[in-house]
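Here are a few exercises to work through with the coordinates open beside you. Try each task before you read its solution.

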Amino acid sequence: MLIKISKRYSNFDINDFFEEKDESLTSISTLELMVKHKCEVHLNLDALTNLKKFYIYADGECSLNLIGKAPLEILKMRGVKNCHDIHIHESSPIKILQLTECNLHAVPSWLYKLTKIETLELQRNKLTDLPIEFEWLKNLKRLNLDNNLFQDVPRVLANLCELNHLSCDANEIGQQKLRDFLQLLNS
């Protein structure tokens with residue numbers, strides 16, 4: 001299901017568009033929201049019992065309030081500005097998470113509870129380092145840190161045994177810093 005949020009909605013809650021016990025909500029497996037203006041999006045995942053993929057693309061100032069549990073496997077956000085305030089249940093089966101162009105200066109703390117993540121895309125933010133909690137993402141295989149403000153490859157990445165794809169393009173990491181990181185991996 002694709003929903004384009006028009007300018008007349010400054011608050012959007014999918015439950016406002018369905019009757020309280022509408023079976024249509026339970027049949028939604030993919031939800032894509034496109035927001036072109038300032039808007040608050042509220043999504044109660046408890047009502048979306050079959051939601052596996054959720055995409056939200058924001059061109060305007062958009063905030064997102066996710067609550068509840070759903071069998072989400074893919075969560076992709078672009079342009080969402082309040083990623084630190086999102087509440088995702090720690091048992092969530094999310095395997096692919098994208099937080100692109102979200103103006104992040106730090107990785108949101110809720111992310112470390114999502115230990116099933118295999119692919120994490122953090123490109124086009126303002127990150128300079130990754131905290132030690134990043135090593136809790138033991139299943140992480142692919143990490144995209146392109147277009148951030150890193151000057152070094154974060155050392156904590158050496159603790160992720162499953163990580164086999166790391167992209168750090170368009171950062172400020174010099175060749176010597178990259179060689180130092182590769183040497184750390186091989187020691």
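The exercises below go from strands to salt bridges, then to a loop residue and a surface patch.

**Before you start.** Please keep in mind that this is a predicted model, in which local features need pLDDT of at least 70, side-chain atom pairs count only at pLDDT 80 or more, and totals for chains, interfaces and linings use all residues. Residues are numbered from 1 along each chain as its sequence is written, and side-chain values use heavy atoms, with hydrogens and water left out.

**Exercise 1.** Find the strands that pair with β4, and work out which residues make up its covered face.

*Solution.* 
- Step 1: locate strand β4 at residues 39-44. Strands here are DSSP runs (E, at least two residues), and helices are DSSP runs too (H or I, at least four residues), numbered from the N terminus.
- Step 2: look for partners, where pairing requires that DSSP finds at least two bridges between two strands. Strand β2 (residues 11-13) runs parallel to β4 and is joined to it by 3 bridges, with F12 opposite V41.
- Step 3: turn to strand β5 (residues 53-67), which also pairs with β4 in the parallel sense, over 6 bridges. Here N44 stands opposite I67.
- Step 4: sort the side chains. In a regular strand they alternate between the two faces of the sheet. In β4, C39, V41 and L43 are on the covered face, while E40, H42 and N44 are on the uncovered one.

**Exercise 2.** List salt bridges in the structure and say which parts of the chain they link.

*Solution.* 
- Step 1: apply the criterion, a side-chain nitrogen of Lys or Arg within 4 Å of a carboxyl oxygen of Asp or Glu.
- Step 2: take D59 and R78, whose side chains meet at 3.5 Å, N to O. This pair links distant parts of the chain, since D59 is in strand β5 and R78 is in strand β6 (residues 74-80), 19 residues apart. K36 joins D59 and R78 in a network of salt bridges.
- Step 3: take R124 and E101, which meet at 2.7 Å, N to O. R124 lies in the loop between β8 (119-121) and β9 (142-144) and E101 in the loop between β7 (96-100) and β8, so this bridge ties together parts 23 residues apart in sequence.
- Step 4: take D152 and K177, with their closest N and O atoms 3.0 Å apart. Because D152 sits in the loop between β9 and β10 (165-167) and K177 in helix α2, the pair ties together parts 25 residues apart in sequence.
- Step 5: check exposure, where buried means under 20% relative accessible area, exposed over 50%, and partly exposed in between (1.4 Å probe, protein chains only). D152 is partly exposed at 37%, and K177 is partly exposed at 41%.

**Exercise 3.** Is P154 buried or exposed, and which residues does P154 touch?

*Solution.* 
- Step 1: read its relative accessibility; at 3%, P154 counts as buried.
- Step 2: collect contacts (heavy atoms within 4.5 Å). Not counting residues up to four places away in sequence, P154 touches D129, L130 and F181.
- Step 3: compare sequence with space. P154 and D129 are 25 residues apart in sequence and 6.0 Å apart, C-alpha to C-alpha.

**Exercise 4.** In which helix is L185 placed, and how does its relative accessibility count?

*Solution.* 
- Step 1: find L185 in helix α2 (residues 175-186).
- Step 2: classify L185 as partly exposed, because its relative accessibility is 41%.
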